[in-house]
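Subject: Structure handover

Hi,

Here is the structure I said I would pass on.

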Amino acid sequence: MKKTSRPKMFKLHAVVMAISVSALLLSACGNNNNSAVSAGTPEGGKVSAKVTTVTNWFAQAEHGGVYAALEEGFYKDAGLDMTITPGGPQISATQIVASGKAEFGMAQADEILLARQNGIPLVALFASFQTNPQGLVVHKDAGIASPDNLHGKSVYVSSGAGYWEYLKKAYSLSDVKQMAYTGSAAPFLADSNVVLQGYVTSEPFEMKNQNVDVDFLLNADFGYNPYGNVLFTTEDYLKKHGDVVKAFVEATAKGFEAYKTDYKTINEAIQKESPDMTTEKLTYASETMMPLVFDGDAKEHGVGYMSKERWETLAKQMTDTGLLDKMPDVSEVYTDEYFTK
């Protein structure tokens, strides 16, 4: 594998979620000048920019494409001096990018729509997952084959999760006992009638290691399928540095293709950043995610592809459930201007 000069990742201080939108926007305005100094196309037409991408969790296989682009030198070849910063508890990529402290971030598509409603002008650039990996973990012997079977169960989910609001309405789950998800699987392990939120790329592997037989209800199979791990920037950065954004998108697409071909090598780099990730867990996640990334519309249009129809469907679902106040103009939510197959 081609080695490049790789900047060390750094930990950001936790961003307080309760920060006001007005303060965020003021901060963004105050920091954008710094980005302008470090990004652009100098005389001669070649991009040269020092940029940061904030992911949505600690380094893991689901971020394989961006790590491959870094490790294989695709960002460097595109003129980007890239730093990948991990997300984690209490770290909001949307707020960090909005503040101007990073140029690119990663979030679920529904999170981007919510951010825009709250006055944070994000623009989606690249969808890592065509099929969202989020869903519900259920005990195999619980007789739960679809959300229709959740009546009377205790379901541990994060507050305000878009998929859960959709499932509650679509399947009339008024008699489900909704519990606050804290990151612990203990309630699930203790009670076969408990249902737990999770990722198909992670929780089934963890449960198997604990000798617990589970099934997984993928939200996408039941009607709610926002693009997953969407890479985004701000409207302002996109307007001022379209050349940098184009270079970023194209290099990231190359990274995902490289990860598909040689994920085991890239996982070694990911493991250095997340030592708790075992080789077996990374391999499971890599193999599980491949069809979620490269099937669907990506087969025809290429990895990272996004369509207006998918964004409109998601926006309508979120409007119908009350997560969005009104139907947004999705043409402002994403761009395919810099997308190439």
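Below is what turned up in the sheet, the helix packing and the salt bridges.

First, the ground rules: this is a predicted model, with local features needing pLDDT of at least 70 and side-chain atom pairs counting only at pLDDT 80 or more, while totals for chains, interfaces and linings use all residues. Numbering starts from 1 along each chain as its sequence is written, and side-chain values use heavy atoms, with hydrogens and water left out.

The sheet

There is an open sheet of 5 strands in the order 2-1-3-10-4, with mixed pairing. Helices (H or I, at least four residues) and strands (E, at least two) are DSSP runs, numbered from the N terminus, and two strands pair if DSSP finds at least two bridges between them. Strand 2 (80-85) and strand 4 (122-129) are the edges, each pairing on one side only. On average, neighbouring strands here are turned by 25° against each other, direction ignored. Helix 10 (residues 242-261) packs on this sheet and touches strands 1, 2, 3, 4 and 10; its direction makes about 10° with that of strand 4. Contact means heavy atoms within 4.5 Å; axes are lines fitted to C-alpha atoms, for helices over the stretch in contact, and angles run from 0 to 180 degrees between N-to-C directions.

Strand 3 (residues 104-107) is worth a look. Both of its faces are covered: Phe 104 and Met 106 on one side, and Gly 105 and Ala 107 on the other, are all buried (under 20% relative accessible area; exposed is over 50%, partly exposed in between, with a 1.4 Å probe and protein chains only). Strand 3 runs parallel to strand 1 (residues 49-54), joined by 2 bridges, and Phe 104 is the bridge partner of Thr 53. With strand 10 (residues 228-234), strand 3 runs antiparallel through 3 bridges; there Ala 107 has Val 230 as its bridge partner.

A helix crossing

The axes of helix 2 (residues 64-71) and helix 11 (residues 263-273) come within 9 Å and cross at roughly 100°. That makes the two helices roughly perpendicular (65 to 115 degrees; under 35 is roughly parallel, over 145 roughly antiparallel, and the rest oblique). Helix 2 brings Gly 64, Tyr 67, Ala 68 and Glu 71 to the contact, and helix 11 brings Ile 266, Ala 269, Ile 270 and Glu 273.

Salt bridges

The structure holds 9 salt bridges, each defined as a side-chain nitrogen of Lys or Arg within 4 Å of a carboxyl oxygen of Asp or Glu. One of them is between Asp 215 and Lys 140, at 2.7 Å from N to O. Asp 215 sits in strand 9 (residues 214-218) and Lys 140 in the loop between strand 5 (134-139) and strand 6 (154-157), so the pair ties together parts 75 residues apart in sequence. Asp 215 is partly exposed at 27% relative accessibility, and Lys 140 is also partly exposed, at 46%.

Lys 316 and Asp 320 also meet in a salt bridge, at 3.0 Å. These two are 4 residues apart in helix 14 (residues 308-320), which means a separation of about one helical turn. Lys 316 is partly exposed at 47%, as is Asp 320 at 40%.

Cheers
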